[in-house]
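Could you walk me through this model in my viewer, one selection at a time? I would like to know what to click on next and what I will find there.

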Amino acid sequence: MFKKKVSGAVVSLSWALGLVASSAAYAGPMDGNSSDVMLQGFHWRSTETSPWWGVIQGKAADIKNSGFTMVWFPPSSDAASNEGYLPRQLYVQNSKYGTEAQLKAAIGALHTYGVKALADIVVNHRVGTTNWADFTNPTWGSWAVTRGDEWTGATGNYDTGDGYSAARDLDHTNATVQTDLKSWMNWLKSSIGYDGWRYDYVKGFNGSYVGNYNTGTVPYFSVGELWTDLNLGNPDAHRQQLMNWIDATGGKSTAFDFTTKGLLQQAVQYNEFWRLKDSAGKPSGAIGWWAAKSVTFIDNHDTGPSSPSGGQNHWAFPGDKVMQGYAYILTHPGIPCVYWVHFYDWGHAAAIKSLIAARKEKGVTSTSAVSIQAADTSKYAAIITGNSGSLAMKIGSGAWSPGTGWTLVNSGTNWAVWKK
């Protein structure tokens, strides 16, 4: 991909020129005006409610009626960890979340209502069945593990990304590993019913391999978790990392917009709403540069507070300001992702539903235009132009109104959304 300088920041030309580096097979939600809204269908402690697949199945109708079009499932393969992030036997779909039959029933229930299911694809690393690297289902040898891994028996090529000490780092340069992973992922589509992928820990291997796997599996949707340190003094460097990764995939995957998450929670916590507007007058997260490839979110199973949300509390959004966050991401471009706990456990379902409904009513999509009206020490306000109307929003304690002709959609403490 070409790069260019914009206000001192290096930006991918893909967003600026409307170009998409992908094949015709990707003429879908990742290439244009996506109206998708994702639900993260679990939290870190979901295995304590067994079977979790039954919980998702039981809420399929409500998920559809709430406006969600995709549900991100936790890792469903057999694993050494309850949560599924230390995968063991990839083809074994009995896990702490339930049996393979229960998994299929949950996906089938969502499909009945036209909702897509995304598998959590953990392919950066793997553990053996009984020891370091006795891999079965599929069966691999020492050649599948990157040289220099904690396991001294590894004989593969050197890693193409960051190491992961809790499991064996897989050698994605190996043709057999690539072929076997694509075969497994296509089996997840054909036999289990998954529609797309959420790639875990993508900083552990080069993004070109995600592009390769998507070319070989043609998912409805794909999103990568590129979670790196954010320097609040230089957010452009952080979102440039996201742009570079998306470019590395050949434009064949979206990425979670960690830049927006970090800036947004800093803004609402410390009244630093000016952080949400960049030097070009655009949103300062990844959505300001390549919104069609950016999945916005407030929290997930890793970042969310440990109590009462069942998260790991690694980078939690201020709990009393969560609805300010949703007032932002559910009105702005990008593909918004709602955290299960915020929706089903924290009492925000009605408010979130109203914002999703307004988003859809006014035709706000992943690439809708944003006109920032205010971004200072007391408030952020913007007008977002959809395909069939507009939304206006304000977060922060400062006063702001879009003027006459607008109808209030919903409001709460330090947030409000209008439609026109």
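Start by selecting Trp72, which is buried because its relative accessible area is 1%, under the 20% cut-off. Keep in mind as you look around that this is a predicted model.

How do the rings of Phe42 and Trp72 sit relative to each other? Their centres are 5.4 Å apart and their planes stand at 85°, so the pair is edge-to-face. The two residues come from distant parts of the chain, 30 residues apart: Phe42 is in the loop between strand 3 (38–40) and helix 2 (52–58), while Trp72 is in strand 4 (residues 70–72). This pair is one of 19 aromatic pairs in the structure.

Next, select Trp227 and Trp315. Their rings make a stacked aromatic pair, with 6.3 Å from centre to centre and 20° between the planes. Trp227 lies in the loop between strand 9 (222–224) and helix 7 (235–248), and Trp315 in the loop between strand 11 (294–297) and helix 10 (322–329), so the pair ties together parts that are 88 residues apart in sequence. Trp227 is partly exposed at 21% relative accessibility, and Trp315 is partly exposed too, at 23%.

Together, Phe42, Trp72, Trp227, Phe256, Phe258, Phe297 and Trp315 form one aromatic cluster.

Lys261 lies over the face of the Trp315 ring, 5.3 Å from the ring centre. For another charge over a ring, jump to Arg126 and Trp140: the charged end of Arg126 sits 4.8 Å from the centre of the Trp140 ring.

The next stop is His342, in helix 11 (residues 340–345). Is His342 buried or exposed? With a relative accessibility of 0%, His342 counts as buried. Leaving out residues up to four places away in sequence, the contacts of His342 are Ile298, Asp299, Val322, Tyr326, Gly347, His348 and Ile352.

Ile352 takes you on to helix 12, where it is one of the buried residues. Select the whole of helix 12, residues 349–361. What do the buried residues of helix 12 pack against? Their partners are helix 10, strand 12 (335–339), helix 11, strand 15 (389–395), strand 16 (407–412) and strand 17 (415–419). Just past the end of helix 12, click on Gly363, which takes a positive phi of about 70°.

Finish with strand 17. Four of its five residues are buried, so strand 17 is largely enclosed by the rest of the structure. Strand 15 pairs with strand 17 in the antiparallel sense over five bridges, and here Ala392 has Trp418 of strand 17 as its bridge partner. Strand 16 and strand 17 are also antiparallel, paired over five bridges, with Asn410 opposite Val417 in strand 17. Zoom in on the hairpin of strand 16 and strand 17: two residues lie between the strands, and Asn414 takes a positive phi near 65°.

Technical notes: Residues numbered from 1 in each chain as written. Predicted model: local features only at pLDDT ≥ 70, side-chain atom pairs only at ≥ 80, totals over all residues. Heavy atoms only, no water. Phe/Tyr/Trp six-rings, centres within 6.5 Å; stacked < 30°, edge-to-face > 60°. Buried < 20%, exposed > 50% of the residue type's maximum accessible area, 1.4 Å probe, protein only. Lys NZ or Arg CZ within 6 Å of the ring centre and 35° of its normal. Contact = heavy atoms within 4.5 Å. Expected span 1.5 Å × (residues − 1). Pairing = 2+ DSSP bridges.
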